[in-house]
Structure formats: C-alpha cells, structure tokens
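Colleague: I would like a close look at one part of this model. Please take me through it step by step.

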Amino acid sequence: MALVCWALVWAGGRGLTGVPLAPAEVLLAPAAAALALAAAVGMAAFERDLPGYRFGWRQVASLVAAVAVAAATVPVLAGAVDGEWGTPDSDFDRTLAFMNSDDVAGAGAFRVLWLGDPEVLPVAGSRLGDGLSYGLSTDGAPGITERWAAPSDPATSLVAEALRLAADGRTERLGRLLGPLGVRYVILAEQAAPARSGTLRRALPEGVLATMAQQLDLRAVEVDPALSIYENAAWVPTRASLATEAADPEAVAAAVASADPFEATVGLDLSASDPVLAQAHSPTRFTGRVDPGTVYLAESASPRWELRSSAGVAERAEAFGWANAFPTSDGGDATLRYRTSPLRWLAIAGQAALWLAVVGVVLRSRRVPSGRS
Amino acid sequence: MSSRHLPVVVVLIAILAGLALVDVGDPAPPRFGTASAFAMPTADPASSLSSTWFCATGAASADNDSGLVLTVANRGDEARSGTVTWFPAGAAPVVLPVEVGPRQGVTLEADEALDASDVSAMVELDGGGVGVEHTVEVAGGSSVAPCASSASDHWYLANGTTARDATQVLALFNPFPDDAIVDIAFATDQGRDEPEALQGLPVAAGTTTRINVGEIVRRREVTATSVTTRSGRVVVDRLQRFDGSNGRSGISLALAAPAPAEVWTFPAGEYQEGLAERWHVYNPSDRDAVILLEAVPDAGEVPIALERTVSARDHLIIDAAETAPVPPGVGHSSTVRSINGVGVVAERELSGIAPSPRRGWSSMLGSPLASQGWLLAYGAGTEAVADALSVHNPGTEAVRFSVTALVGGQEVPAEGLSDVELGPAQRQELVLGDVLERSPVPLVVSADGPVVVERDLSPVSDPGISTTLGIPLS
C-alpha cells in the first residue's frame with residue numbers, strides 16, 4: 001500500500017496520471033498508515049516469532065529496522081532543541097510592511113499574487129506548471145488563514161489563464177488582465193523568507209522572469225533579493241467605482257457587460273477607478289461612500305451580494321463575465337454585504353447535532369449494564 | 001514473508017527504483033511559457049489577445065528631415081483597433097486611436113500627430129495577424145525596416161561606420177514603466193572598445209536615448225555593436241547616414257537583432273563595378289565561431305562555401321569582390337552559417353557609387369528564420385521606386401509560393417505571381433511594378449514550405465538603396 005501511494009504521488013506530481021489527484025498529503029496518509037502497520041507487525045513478529053526461528057537475515061533485518069527507527073528520530077530531536085524546528089528567524093512581514101502604509105492601504109483594498117515553488121510560497125498555492133504554483137493574499141503579506149487552500153472557483157482560475165497568456169507572448173498587458181481581479185502586486189518568490197535568513201531557495205522556472213519583464217504595465221519594486229516584486233500600474237481596487245483615464249463611461253459599460261474577462265479589459269486602462277466602501281467589517285460586509293456610476297466588486301459573481309444605500313437596493317449585474325457590478329445613480333453612504341444562505345446555518349447546526357449524537361453513543365456504550373458485577 | 005511474496009516485492013522495489021532514476025536523470029529544467037529571446041520581429045497569431053510593436057527612431061517635425069512614418073498592415077479577417085503612442089523627446093507621450101480594417105493597411109505619420117525633433121512609437125492592437133514597419137524619410141531618400149515585436153535585454157548589430165562622411169545614431173527606446181540601465185560595446189576595425197560613457201547608461205522609463213556613435217567611437221570604418229541591459233529591456237534601432245562627401249550618400253535604417261543565431265539568410269545580393277557587397281559577421285560570444293558563407297547564384301555552378309573563423313568578441317568582413325563567391329553581376333542569395341554551434345550576427349552591406357546605376361548604402365541583417373507566410377507592410381507605390389521582391393527557398397524540397405496584395409479588405413492575387421515553383425536553394429526575383437498597379441498596398445507571400453522574403457525599395461534614378469526583410473507570420 002505504501003509503495004502504491006508513493007508511486008501515485010510521484011506520478012501525480014509529474015502530471016503523468018492525466019487526471020487530477022488528491023493533494024500529496026492526502027495520498028501519503030494511507031502510506032503512513034501502512035508503514036505504521038508494517039512497523040507494528042514487525043515488532044510483533046520480533047517478539048513472538050523470531051525467538052523460536054533459526055538465525056538468519058530476518059534477525060539482521062529486525063536489527064536494521066530498530067536502528068533505522070532510532071536514526072529517524074535524530075532530525076526530530078535536533079529540530080526540537082531550540083523549539084524553532086528549523087524555521088527561519090525572519091519572515092516577509094517586515095519586508096512587505098510598505099503595503100500597510102497609509103499611501104498604499106489608503107488607495108483601496110487589493111490582492112497580492114504570489115508565484116513560486118510550492119515549498120517557498122507563503123500561501124496555499126494552485127499548480128501552474130512544473131515547480132510553479134500561484135496563490136493570493138489580501139491587502140499585503142499573507143496571514144495564517146491564507147495557508148489553507150480555499151475551494152477553487154472560476155475567478156481563481158482566471159489568474160492562471162492570464163499568466164499563461166502572458167507567458168505564451170500573447171499579450172504585453174498582464175497588468176490590465178490582473179487589474180480587475182484586484183491584483184496590485186505580483187511577487188515572484190524564490191525563498192521562503194528574506195534572503196539574509198539563508199533558507200531554502202527554489203529558482204523560478206525559465207521564462208517566468210522574462211514574462212514579467214515584457215509587461216508594459218508592471219513596475220519593479222526593489223525590496224529583498226528573495227522576492228521579485230512588481231506593482232501593477234493597471235490595478236483596480238477590489239471595491240471600486242470604475243473609471244478610465246479618458247473618462248469614457250460608454251467604454252466602461254461595454255467592458256463590464258462583456259462576457260469575456262480579458263478581451264474587454266486588455267485594451268482598457270481602468271487604473272483611474274476610485275476605491276469605495278472603505279470600511280471592512282468582515283470578509284462579507286463593507287460600508288462607506290459610493291459614487292454615482294458603477295460600483296465594482298472583485299469577487300466571484302453571486303446573486304447573494306447586495307448593495308444597499310439610501311436609494312434602496314441596487315440591481316446587481318455580472319461584470320467581465322465573472323465579477324459583480326452595481327450601477328448606482330446616486331452617491332452616498334452604502335452597505336455591501338453577502339447574504340449568507342440559511343442552509344449554511346442549518347448545515348452547521350446539523351453537524352453539531354451529529355457530533356453530539358456520536359458523543360452520546362460513545363458515552364452510552366461505556367456504561368456498565370445494570371445487573372452485571 | 002514467504003518465498004511466494006518475494007518476487008512481488010522485488011518487482012515493486014525495482015519499479016520504484018526505476019522511477020527514481022528517471023526522475024534524477026531528467027536534466028530538463030522546468031519552463032513556464034514560451035516567452036524567450038525572439039529571433040526577429042514576428043506577427044503574433046491572429047488569436048493573440050493583443051499585439052504590440054515598438055518603433056525606436058524617427059522625427060516628427062517638418063524642420064527635421066528624418067520624418068517617421070509607420071505602416072500597419074492587418075492580414076487577418078477581423079478589424080484591429082488599438083492605440084499608437086508617440087514618445088517625443090522631452091515631452092509627454094501622445095496616445096491616439098488606431099483602426100485597421102481586415103486585410104488592409106494604414107499609414108501613420110508622426111508629424112501629423114505632433115511636432116518633435118525625435119520621436120519613437122508604440123502600436124498596440126487588440127489581436128494578432130498584424131505587422132508594423134517604420135520608414136524614415138529624408139530629403140533625397142528613405143529607408144524602411146520592421147519595428148520590433150518585443151523588447152529585449154540584448155541587441156546586436158554587425159555593421160555601422162563612423163567614418164568621416166558618415167553619421168551613425170543608435171536609438172535605445174524604453175517603453176516600460178521602469179528605467180533601464182545598459183552597457184554598450186563595439187568591435188571595430190581598430191579593436192574592441194567599451195567606452196566608459198556608455199557603461200551603466202540610463203535609459204529613463206518611457207523615453208529614447210539617442211547616441212551619436214561617432215562622437216564617442218571616432219573614425220571607425222566598421223563598428224559592430226552589443227547592447228546589454230543591466231536592468232530592464234529596450235528596443236534598438238540604427239540610423240546610418242552619409243553626406244556624399246566620399247561618394248556614399250543616403251540613409252539606412254535597421255532594427256538590431258535581439259540574439260545571435262547560427263544561420264542568417266539573405267535572399268538577394270549582387271556586386272559589380274561600383275556596387276560593393278560585403279558580409280559583416282559579428283561574434284559577441286567568448287568562443288571563436290567557425291562560419292561558412294554559402295552563395296547560390298541565379299545562374300551557373302554553385303561555388304564551394306567559404307569557411308572563415310570569427311574570433312571571440314570580434315567581427316569579420318567578407319568582401320564579395322575580393323573573395324568572388326559568385327561571378328560579378330550575377331544575382332544570388334547567400335547564407336552565413338555557424339558550423340561549430342557558436343551563434344553570430346550577420347549583415348549584408350550594399351554600397352554603390354558611380355558608375356553603378358545603384359548608388360547609396362544599405363546594411364541589412366539576415367533572416368534567422370524561414371516561414372511559410374510573410375507580410376510586407378510598406379508599399380512604395382510610385383514609379384520612382386524599384387519595388388522588387390526576392391523569395392528564397394532555403395530547404396531541400398521544392399516549394400510553391402504566391403504573392404497577394406491586401407486591397408480594400410480583400411486579399412488579391414498578384415497577376416502572374418500565383419503558385420510559382422521554387423526549387424531547393426533557389427530564389428526568384430520579382431519586379432512588382434510590372435505586375436502590380438503602383439499603389440502602396442501591403443503584400444503577403446504564402447508558400448507551402450519555409451521561404452525567406454526580402455524587398456528592395458530603392459529609388460530607380462535617385463541615389464539610395466533600401467532593402468528590408470518581410471515580417472514572418474505565425
């Protein structure tokens with residue numbers, strides 16, 4: 001079982017299976033269980049079977065196995081001495097502190113696109129190619145929650161599509177493709193921590209840096225040698241009032257109505273869009289001022305998003321084939337929220353009830369029946 | 001474990017070991033995408049999301065005689081729209097809309113959009129199947145060259161001169177939002193030169209730095225050039241002018257090459273009394289290059305190729321009159337081929353003085369590619385210009401090609417130029433004025449095998465030689 005699981009992980013990692021497989025951690029769990037079982041059976045055999053057996057390779061194998069188990073604990077013990085487990089003594093929080101400055105944060109909510117080997121990415125990544133994954137963080141350096149892979153949605157796959165278009169030389173305006181996705185910074189990571197930490201280095205695949213260098217709307221930001229950071233000159237805040245430098249509302253409206261996420265935006269500079277709904281109370285509720293025009297939300301299209309102002313509930317439309325747009329005729333204070341489905345709360349309550357039922361069954365099964373001594 | 005299980009375990013372990021060895025033995029580094037050093041300007045596929053062209057040099061002033069004209073040709077079935085951004089020296093860029101109908105061309109003249117002594121341009125369109133050429137027009141002559149379809153961090157030229165009668169200007173165009181830093185080196189007839197003034201030279205974002213080479217590398221009969229960026233990417237043009245004081249006159253515009261190559265093909269060539277033909281080969285690498293010059297005449301026996309060695313970081317000149325690879329007065333194609341794997345850069349110079357009927361100077365990079373489709377955007381359209389096309393078949397099989405004109409939204413076959421057969425290593429020279437009405441239309445050459453196409457737009461009676469390769473279609 002262990003051998004089969006290892007073979008599947010290897011083949012899946014090289015894209016040989018032809019079908020997507022479960023993440024490596026999932027496939028390796030049965031292998032770990034099989035190894036544990038084999039170790040247990042081995043110990044049982046050593047205790048019960050070998051004493052009565054003639055001396056041979058089996059006794060030697062048992063000795064080798066015991067030594068291997070002992071040796072395998074050495075790295076664990078070494079890592080446990082200082083409690084750091086080999087983690088670097090610095091991270092990118094300080095390196096990317098400029099993203100928390102008033103100038104940057106005050107310009108509107110944004111996303112950061114991370115590219116690199118999965119081993120050095122500080123976010124949960126989706127595979128883009130051999131030795132290359134991508135992931136997103138919100139408003140700066142990623143937090144612990146961004147290390148868990150969220151369920152994939154069509155919007156996430158648009159990032160990969162945009163990157164492949166640029167990598168294949170089919171556009172020099174990657175910034176305009178990523179702009180409506182709220183991507184303000186693109187970071188190519190070759191190390192898991194700042195360069196001075198001396199941590200594991202994973203070079204980027206050939207072509208990645210050349211692809212970024214060809215883009216007319218990505219401007220390099222020098223911060224740390226472990227990171228190649230580009231600022232997107234065509235970035236649009238994730239909550240914005242859409243505008244072009246040419247102040248052409250018809251062009252904006254036509255682009256918003258387009259079902260193709262890239263055809264309309266590659267020729268349109270939306271960087272003049274202003275941030276709106278600045279106060280984020282939670283990931284699903286925002287308040288603040290909006291301007292007359294089109295309020296844009298760079299989240300996957302859903303009828304559960306609602307923009308409410310003094311003029312009432314704004315009609316929602318799909319934008320660029322994947323996001324949300326709310327035409328507003330009046331400006332003023334407004335609230336944008338996601339109306340969570342009641343089914344979600346029912347599902348949570350149902351799960352809690354199931355757990356309670358399981359606990360009850362376990363407790364009941366441990367009670368000694370009356371009348372037994 | 002019983003002996004029955006042993007074979008199974010052995011097989012499984014052998015499979016795992018084999019997989020591990022394959023993994024370790026795989027030397028190919030991972031690669032993402034195909035964006036890499038492009039060999040020459042190429043039209044993007046029609047399915048591209050957008051295409052961008054960079055034209056580094058020219059002027060936009062009635063007072064300055066090197067006016068810049070862009071010709072945009074659309075070979076596709078759909079109209080293309082976008083913008084042209086003019087980058088005048090010392091002023092803010094000017095962005096104007098552009099529309100090109102299907103199977104049509106449009107001309108954009110810089111001095112109709114702005115007034116500037118020096119200007120560069122960038123054309124962005126909402127799809128591929130488009131080629132852009134730029135023309136510099138001066139009193140008494142003009143020169144055409146393709147614009148660049150991509151910027152690069154390396155550029156090379158195998159020829160140029162800062163002789164007494166010559167002015168050589170390099171235009172380094174940076175269309176990106178980041179400053180670029182470049183180093184420039186020359187291989188000259190007096191040795192290698194890396195002027196301090198041209199090391200760490202900044203090219204500000206959205207600007208063009210123009211270098212009069214003769215002010216820094218003085219009185220050199222030949223200068224081969226390497227431009228390398230320390231950061232950023234640029235586009236490099238060479239503008240070579242002669243004042244006629246030494247018999248040479250005219251202007252020659254050339255886009256530099258972004259990378260060395262092992263093969264450079266020139267579909268046309270000729271030398272005779274008064275008209276010199278020279279091949280300039282520059283080796284920018286740190287290893288010697290062994291090259292062959294293969295010339296195939298239109299008539300007569302094919303001569304043995306000339307073998308030469310180009311030292312590392314040096315250049316070599318092969319003069320047709322001195323080496324006589326083919327008889328004088330016989331049209332021919334030629335190929336410079338590196339045979340030891342070291343990439344070089346090759347140009348063919350045509351220099352004509354009296355009594356040659358062709359007078360002027362032109363130096364053109366060869367083609368490192370052969371393609372089944374070529375686009376020629378600029379059309380001369382007057383009786384004063386020769387407008388000849390040379391189509392060369394570098395392969396070992398015969399091909400058939402056709403020439404069509406993009407006229408009024410249609411692709412119109414040129415009379416007598418359909419399904420023309422071309423044998424292996426053969427070339428065909430076509431005088432277009434004989435078969436096309438003199439109208440400035442873009443042309444397309446389509447073949448059933450890879451060919452190389454060159455166009456001669458030299459004046460019929462006035463001085464000047466203007467030759468340019470077509471733009472390969474993806």
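How many residues does the contact take from chain A, and how many from chain B?

Modeller: A caution to begin with: this is a predicted model. The contact takes 33 residues from chain A and 25 residues from chain B. On the side of chain A that touches chain B, several elements each supply at least two residues. They are the helices α1 (2–13), α6 (154–167) and α8 (208–213), together with the strands β2 (126–129) and β5 (218–221) of chain A. By class, that side of chain A has 17 nonpolar, eight polar and eight charged residues.

Now cross to chain B. Its domain assignment gives domain 1 (51–146), domain 2 (151–257), domain 3 (262–367) and domain 4 (371–472). Take domain 1 and domain 2 of chain B: their C-alpha centres lie 21 Å apart. Here 16 residues of domain 1 of chain B are in contact with 18 residues of domain 2 of chain B. On the domain 1 side, the elements that give two or more residues are β6 (119–125), β7 (130–138) and β8 (141–146) of chain B. The largest share, five residues, comes from β8(B). By class, this side of domain 1 of chain B has eleven nonpolar, four polar and one charged residues.

Some backbone details in chain B deserve a check. Most residues other than glycine have a negative phi, and most peptide bonds are trans. Arg103(B) has a positive phi, near 50°. Arg103(B) sits in the loop between β4 (94–100) and β5 (104–109) of chain B. Arg103(B) counts as buried because it has 25 C-beta neighbours inside 10 Å, and the cut-off for buried is 20 or more. Asp419(B) also has a positive phi, about 55°, and is not a glycine. The loop between β29 (410–413) and β30 (420–422) of chain B holds Asp419(B). Asp419(B) is exposed, with 9 other C-beta atoms within 10 Å. Then there is the peptide bond from Ala354(B) to Pro355(B), which is cis, with omega near 10°. Pro355(B) lies in the loop between β24 (345–352) and β25 (360–365) of chain B.

Back in chain A, look at helix α9 (residues 249–257). Val252(A), Ala255(A) and Val256(A) are buried there. Seen down the axis of α9(A), the buried residues fall within an arc of 100°, so they line one face of the helix. The face turned away from that buried side carries the exposed residues Glu250(A) and Ala254(A). What covers the buried residues of α9(A) includes β11 (293–297), β14 (317–319) and β15 (323–328) of chain A.

Note on methods
Residues numbered from 1 in each chain as written. Chains lettered and ligands numbered in written order. Predicted model: local features only at pLDDT ≥ 70, side-chain atom pairs only at ≥ 80, totals over all residues. Buried ≥ 20, exposed ≤ 12 C-beta atoms within 10 Å, placed from the backbone. Helix = DSSP H or I, 4+ residues; strand = E, 2+ residues; numbered from the N terminus. Arc of directions from axis to C-beta. Contact = placed C-beta atoms within 7 Å. Nonpolar A, V, L, I, M, F, W, Y, C, P; charged D, E, K, R; others polar. Domains from an automatic or database assignment.
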